[in-house]
Amino acid sequence: MPSDPDEDEEEEAADSVGALPPAMGLPSLKPPRTRTHNADFAPISAAGYFEQALQVAVPESGLDFRVYYTAPRAVDGTVMVCHHGAGWSGLTFACFAKEIATESKGECGVLAFDMRGHGKTAPQTPTSADKEDLSIDTLTADFVNLITNVFKDITSTPTLLLVGHSLGGSVITRACPLLQERKYRIVGVAVLDVVEEFTLEALPMMHDLLDSRPEGFNSQEDAIRWHISTHAIRNPDSARVSVPSIIIQNPNPEPGSLLWVWRASLRATAPYWTSWFTGLSSRFLSAKTARVLVLAGAERLDKELMIGQMQGKYQLVVVSNVGHILHEDDPERLAEVLVEFWRRNERTTVNIKNLKKVGDL
């Protein structure tokens with residue numbers, strides 16, 4: 001667990017926090033063999049997007065979670081708790097968090113974190129947690145355990161709006177009733193660009209899609225450039241703050257080898273893919289809170305969601321001119337959608353407590 005603020009700042013700069021986007025249909029680009037530097041693709045510090053970087057010990061999961069947090073300014077504010085998708089990190093929500101603060105005039109805060117096996121979340125001891133266990137039940141337990149450790153006192157806990165992208169959408173819909181059983185006040189669930197039927201149908205193509213991306217890069221700038229040029233992320237500013245944390249310096253470099261490799265192995269999670277998304281639609285529709293589904297570009301609903309929409313069980317929003325990583329591509333539009341969704345639902349909040357700060361971003 002980092003304890004020196006200066007050391008943590010250096011690590012943040014070198015290992016900027018980011019995420020691993022899916023290579024859906026992306027062309028394979030061979031990274032150059034010479035390390036290049038270009039200001040247009042230089043990493044951006046997360047300091048301007050979240051107020052705090054925190055390391056939160058969660059004994060029940062055997063993990064120290066890296067958490068990024070901006071508190072609500074209003075007494076009656078709400079905290080949007082954001083769960084990223086497989087391969088990403090909490091900083092995939094960095095630009096979104098900044099837009100939420102602006103759009104809500106500080107009434108809403110944002111808490112994002114690195115899930116198990118991602119970013120700077122790490123086992124408390126070498127044997128205390130298996131970072132490769134990414135089963136849906138384990139990830140759901142992690143989410144609930146993190147919330148209950150961050151917000152220990154129910155009476156002083158803010159109202160929570162759960163936001164999940166892709167795999168994160170499955171986790172939050174499973175976690176919602178478990179948190180409500182513990183008397184946490186959930187103002188709503190927001191699922192971002194994942195529909196059960198279409199996702200399950202696409203899973204057989206995932207290995208080919210993973211084959212279409214480079215095995216690594218020779219610099220952080222190269223990684224950022226690749227994500228922007230292939231439109232994996234369409235917002236350059238977001239790519240510059242989020243991408244560096246999905247890669248790490250090659251731990252076993254050899255002559256001529258790539259200097260930076262992917263931080264998380266998506267291919268290793270293949271045994272879990274089907275279970276991640278099975279039952280998502282029914283769990284979303286049965287959540288005992290307000291519900292919103294935000295899709296990228298086109299209205300792709302399975303039968304269960306189509307019936308639910310006709311019955312008025314949830315709000316559907318389709319955002320144009322974005323890809324799968326819609327919260328990075330157009331964080332301003334998503335902030336508008338979720339703040340408007342929040343304003344139409346009951347909310348109450350409090351200040352966050354009992355978190356140990358590990359240094360400024």
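This is a predicted model: local features need pLDDT of at least 70, side-chain atom pairs count only at pLDDT 80 or more; totals for chains, interfaces and linings use all residues.
I number residues from 1 along each chain as its sequence is written, and side-chain values use heavy atoms, with hydrogens and water left out. Local features need pLDDT of at least 70, side-chain atom pairs count only at pLDDT 80 or more, and totals for chains, interfaces and linings use all residues.

I looked up the UniProt record, an unreviewed entry, which puts "active site" at Ser 166, Asp 193 and His 324. They span 159 residues in sequence, but no two of their C-alpha atoms are more than 8.7 Å apart, so they gather at one spot. I note that such annotations may be inferred rather than shown by experiment.

Ser 166. I find Ser 166 in the loop between β6 (159–165) and α4 (167–181); helices (H or I, at least four residues) and strands (E, at least two) are DSSP runs, numbered from the N terminus. Ser 166 is buried at 14% relative accessibility, where buried means under 20% relative accessible area (1.4 Å probe, protein chains only). Leaving out residues up to four places away in sequence, I list its contacts (heavy atoms within 4.5 Å) as Gly 85, Leu 192, Val 194, Phe 277 and His 324.

Asp 193. I place Asp 193 in the loop between β7 (186–192) and α5 (196–202). Asp 193 is buried, at 8%. Beyond four places in sequence, Asp 193 touches residues including His 324 and Arg 300. The side chains of Asp 193 and Arg 300 make a polar contact at 2.8 Å (N or O atoms within 3.5 Å, one able to donate a hydrogen and the other to accept it; residues adjacent in sequence count only if both atoms are side-chain atoms).

His 83. I also checked His 83, in strand β3 (residues 78–83). His 83 is buried at 2%.

Terms used: Buried means under 20% relative accessible area, exposed over 50%, partly exposed in between (1.4 Å probe, protein chains only).
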